[in-house]
Amino acid sequence: MLFELDDEQQEMRDVVRKFAQNEIAPHADSWDDEHHFPREIFKPLAELGLAGLLIPEEYGGLNLSRLMGAIIYEELAQADSSTSTWLSVHNMVAGLINRFGNDEQRQRWLPGMASGDLLGAFSLSEAHAGSDAANLRTSARREGDHYIVNGSKFWVTNAGQADVYTVMVRTDPNGGSKGISTLVIEKDTPGFSIGKIERKMGLNSDPTGELIFENCRVPVSHRLSDEGMGFKIALTALDGGRINIGASSVGLAQAAFDVATRYAKERQAFGKPIGAFQGIQFMLADMAMKIQAARLLVYQAASKYDDGAPDATMSAAMAKCFATDTAMAVTTDAVQVLGGAGYVRDWPVERYMREAKVGQIVEGANQIQRMVIARALLGRLDG
Ligand code: CAA
């Protein structure tokens, strides 16, 4: 069990912190206001190695551990949780191409992803299949050496900005969760278009939207692993993704806590700083406790994933659920500590609170995480 970062981890964290605080944090508010996707920072992030966290060195990546990834996402999210979110999805996609792809597929996509030329997106959900992901219907019918893909996908992070989409499709209409396969679909493939881009509560600088497939011809050679493996591939990727969302939520909560603490020391009421009152002190103490507990749970889940521990899936669910619930609670309390100043846009905490909410929903709603935890503890009692 890990309590302190080693020298290498601290060094990497410091490099990321410097970049995030200098190049990202000053723009986070305006990117959110203007709904601007900061593609211009993708290359600089890649130059630091951050677009290839899960890509082997031979393809230009850093091939870091999940634990190192968690430390990095925590730092990025302290500057801008939107950036941390889209980059973590990109890295998740690169990781699954590396893990489930063949040499030709790795060679085709991974170098460009590591260099910041190709942005990745992950697509599982559909209009009627969010939590019940195995119920997806987008079909891929085999015709010679192509699949003909028809249907639409929802809630896709990086929609319209990404170059490489990993899409879960139904190759066997009667196969249930075993009738799903994973295709890598490139942005300019004929028959593939971007539908509605959602208007959201937060994370406005990262587009979330719909993918539409109309007789879209995708080479069979763009399928990852065997037919029928898609659901397992998606959930394996999401185990890692959930750790990343947890790490981002810890960073977001830390950012809110830092603002609230500073404000509590500066803001005067009844002749003293409001931090002198126990009502505020106890809130700050609870916030700090929850953040530290969430951080340790995320680090532990990441270490278990790295070690291939048998309870890695449950640990990822615990970390995601606890850290995102923590971010929601801490950002809400930070707004409360700032009072009227917290509700207006001169301070970042109202944005933090809007951004925290999606963590409880994305990459498996927290009710699903609790279900995953309960199934691991009790077994399948529902048949
Ligand atoms: N890793 C690998 N395989 C797994 C797994 C995991 N974590 N969890 C389950 N599986 C396997 C099971 O072993 C089973 O295979 P076998 O039959 O061979 O044993 C198969 O998958 C089906 O599992 P279940 O019977 O448990 O399936 P289920 O239908 O009951 O669903 C669920 C399980 C946990 C509810 C799952 O559907 C789930 O996690 N739902 C939430 C989906 C989600 O997180 N969506 C967010 C997508 S993010 C996105 O789209 C946006 C973006 O941009 C990132």
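Colleague: Which elements each supply at least two residues of the shell around the ligand?

Modeller: In this predicted model, strand E3 (146–157), helix H7 (230–266) and H12 each contribute at least two residues to that shell. The largest share, seven residues, comes from H7.

Colleague: How many residues surround the ligand, and which are the closest?

Modeller: The ligand is surrounded by 27 residues, and the closest are Ser-131, Thr-157, Lys-178, Arg-242 and Gly-364.

Colleague: What lies 3.0 Å from an oxygen atom of the ligand? And how far is the side chain of Lys-178 from a ligand oxygen?

Modeller: At 3.0 Å there is a backbone N or O atom of Gly-364. For Lys-178, an N or O atom of the side chain is 2.6 Å from an oxygen atom of the ligand. Ser-125 also has a side-chain N or O atom 3.4 Å from a ligand oxygen. The protein buries 76% of the 1,100 Å² that the ligand exposes when taken alone.

Colleague: Turning to Glu-363, where does that residue lie?

Modeller: Glu-363 is in the loop between helix H11 (349–359) and helix H12 (366–378).

Colleague: Which residues is Glu-363 in contact with, leaving aside its neighbours within four places in sequence?

Modeller: The contacts of Glu-363 are Val-89, Met-92, Leu-238, Gly-241, Arg-242, Ile-245, Lys-320 and Gln-369.

Colleague: And Ile-361, buried or exposed?

Modeller: Ile-361 is exposed, with a relative accessible area of 51%. This residue also lies in the loop between H11 and H12. Its C-alpha atom is separated by 9.6 Å from that of Cys-321, 40 residues apart along the chain.

Colleague: How many of the eleven residues of H11 are buried?

Modeller: Eight of the eleven are buried, so H11 is largely enclosed by the rest of the structure. Among the buried residues are Tyr-352, Arg-354 and Glu-355. The cover over the buried residues of H11 includes helix H2 (28–34), helix H5 (81–100), H7, helix H9 (312–338), helix H10 (340–343) and H12.

Colleague: Glu-350 is in H11 too. Which side chain meets Glu-350 in a salt bridge?

Modeller: Arg-345 does, at 3.4 Å from N to O. Arg-345 is exposed, with a relative accessible area of 53%, whereas Glu-350 counts as buried at 12% relative accessibility. A network of salt bridges links Asp-32, Asp-33, Arg-345, Glu-350 and Arg-354.

Colleague: How many salt bridges does the structure hold?

Modeller: The structure holds 21 salt bridges. One of them joins Arg-39 and Asp-163, whose closest N and O atoms are 3.0 Å apart. Arg-39 lies in the loop between H2 and helix H3 (42–47) and Asp-163 in the loop between E3 and strand E4 (164–170), so the pair ties together parts that are 124 residues apart in sequence.

Colleague: What else forms a salt bridge with Asp-163?

Modeller: Lys-187 does, with the closest N and O atoms 3.2 Å apart. Lys-187 is in the loop between strand E5 (180–186) and strand E6 (192–197), 24 residues from Asp-163.

Colleague: Which of these residues are buried, and which partly exposed?

Modeller: Asp-163 is buried, with a relative accessible area of 8%. Arg-39 counts as partly exposed at 27% relative accessibility, and Lys-187 is partly exposed with a relative accessible area of 41%.

Definitions and conventions
Residues are numbered from 1 along each chain as its sequence is written. This is a predicted model: local features need pLDDT of at least 70, side-chain atom pairs count only at pLDDT 80 or more; totals for chains, interfaces and linings use all residues. Side-chain values use heavy atoms; hydrogens and water are left out. Helices (H or I, at least four residues) and strands (E, at least two) are DSSP runs, numbered from the N terminus. Contact means heavy atoms within 4.5 Å. A residue is near a molecule or strand if one of its heavy atoms lies within 4 Å of it. A polar contact is a pair of N or O atoms within 3.5 Å; within protein, one must be able to donate a hydrogen and the other to accept it, and residues adjacent in sequence count only if both atoms are side-chain atoms. Accessible areas come from the Shrake-Rupley method with a 1.4 Å probe; for residues, only the protein chains shown count as cover. Buried means under 20% relative accessible area, exposed over 50%, partly exposed in between (1.4 Å probe, protein chains only). A salt bridge is a side-chain nitrogen of Lys or Arg within 4 Å of a carboxyl oxygen of Asp or Glu.
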